[in-house]
Amino acid sequence: MTPPYRTVSRRAILGAVALLPVAGCAREPAPPPARSSEPVSASTPTPSVARHDHLAGLERKFDARLGVYAVATGTGTTVEHRADERFAFCSTFKGLAAAAVVARHPLSHLDTVVTYTEADLMASSAITRQHVATGMSVRQVCDAAVRHSDGTAGNLLLRDLGGPAGLTAYLRTLGDTVTRADRFEPHLTTAVPGDPRDTTTPRAIGTDYREILLGDALPPDRRAFLRDLLERNATKAGTLRVRAGVPRGWTVADKTGTGDYGTVNDIAVVWPPDAAPLVVSIMSGKATADAEYDQALLAEAAAYVVDTLT
């Protein structure tokens, strides 16, 4: 039986989680020498300092492949499970794309109006669909992409960067030699097992989010702008994944991602009330293209991570 890692109310929340389908989530420039995170075969368990049998048990319970990289920034203690295996990143790229846009421009660029057409819209374009006639400011585009996971808004951020290759190039400046962005929405959400396009590892993308939210990759004003968007995540998926696995009242800044093959991801920085923040990077996928989305897999993994690190 799975041990009760938090309170009865937490178990009740996790038990009530619905299986909810959610909208998702270039050539790669030569990487410079940077932080090392060489991915291994998707079929090979990631070597780590400690085994986490509970996470392996969640894989069996949900018939999924689960990747976890989490670190308590105050102590350096980590939880790692398949931390260096590749997973499709899906919409988790949108927080990184917003960081790249604000990093390369003055904040006044946020007031620049960008235009697009009906042909640019897709099923996940609930916000941008409302502004086809007028266009949107870059500030509004960042809000739509990060807080609402609007697909067209994500593509507009990539367009600002010169395409997926521009995002990859930005990540290389963070020292990430692993993550690669290749396509626009909705194609980057296909998440076919073994396809290296539009993939990352839990360690690589978790470290990226640590750099942009806790490090000095962004000036303080831009970092505050991005953190505010991520803290105010407005997606339904955002309430059912990492946020469902941490104690009520903790601050969470996160970006979810969802794709084919049952892909559900959530990359978060979590602030306990009386301790240094935790970086929590959880990614998953399944073997069949039309597999169900198990939000509870990420919520239960997050609860285990929090209990292990705090």
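Guide: One definition comes before the questions: rings of Phe, Tyr and Trp form an aromatic pair if their centres lie within 6.5 Å, with planes under 30 degrees apart counted as stacked, over 60 as edge-to-face and the rest as tilted. The model is predicted.

Visitor: How many aromatic pairs does the structure hold, and which residues form a pair?
Guide: The structure holds one aromatic pair. Its ring centres are 6.2 Å apart, and its members are F89 and F93.

Visitor: Why does the pair of F89 and F93 count as tilted?
Guide: Planes under 30 degrees apart would be stacked and those over 60 edge-to-face, with the rest tilted. The planes of F89 and F93 make an angle of 50°, so the pair falls in the remaining class. The class is tilted.

Visitor: Are F89 and F93 buried or exposed?
Guide: Buried means a relative accessible area under 20%. F89 has 3% and F93 has 2%. Because each value is under the cut-off, F89 and F93 are both buried.

Visitor: Which ring lies under the charged end of R65, and which under R227?
Guide: R65 has its charged end 3.9 Å from the centre of a ring, that of F87. R227 lies over a ring face, at 3.7 Å from the ring centre, and the residue is W271.

Visitor: Where does E85 lie, and is it buried or exposed?
Guide: E85 is in the loop that runs between strand 2 (78-81) and strand 3 (87-88). Its relative accessibility is 0%, which means that E85 is buried.

Visitor: Which residues are linked with E85 in a network of salt bridges?
Guide: Side chains of opposite charge can pair when their charged atoms come close. E85 and R82 meet in a salt bridge of 3.0 Å, N to O, and both residues are buried. The network links E85 with E59, R65 and R82.

Visitor: Which residues of helix 2 are buried, and what covers them?
Guide: Helix 2 spans residues 53-62, and its buried residues are H54, L55, A56, L58, E59 and F62. Their cover includes strand 1 (65-72), strand 2 and helix 11 (295-309).

Visitor: With which residue does R51 form a salt bridge, and are the two partners exposed or buried?
Guide: The closest N and O atoms are 2.8 Å apart, and the partner of R51 is D53. R51 has 72% relative accessibility, so it counts as exposed. D53, at 46%, counts as partly exposed.

Visitor: How many residues apart are D111 and R139?
Guide: Their side chains meet in a salt bridge of 3.6 Å, N to O. D111 is in the loop between helix 3 (93-104) and strand 4 (113-114), R139 is in helix 4 (residues 138-148), and the separation is 28 residues.

Visitor: How many salt bridges does the structure hold?
Guide: The pair of R51 and D53 is a salt bridge, as is that of D111 and R139. The number for the structure is 20.

Note on methods
Residues are numbered from 1 along each chain as its sequence is written. This is a predicted model: local features need pLDDT of at least 70, side-chain atom pairs count only at pLDDT 80 or more; totals for chains, interfaces and linings use all residues. Side-chain values use heavy atoms; hydrogens and water are left out. Rings of Phe, Tyr and Trp (its six-membered ring) pair if their centres lie within 6.5 Å; planes under 30 degrees apart count as stacked, over 60 as edge-to-face and the rest as tilted. Buried means under 20% relative accessible area, exposed over 50%, partly exposed in between (1.4 Å probe, protein chains only). A charge sits over a ring if NZ of Lys or CZ of Arg is within 6 Å of the ring centre and within 35 degrees of the ring normal. Helices (H or I, at least four residues) and strands (E, at least two) are DSSP runs, numbered from the N terminus. Contact means heavy atoms within 4.5 Å. A salt bridge is a side-chain nitrogen of Lys or Arg within 4 Å of a carboxyl oxygen of Asp or Glu.
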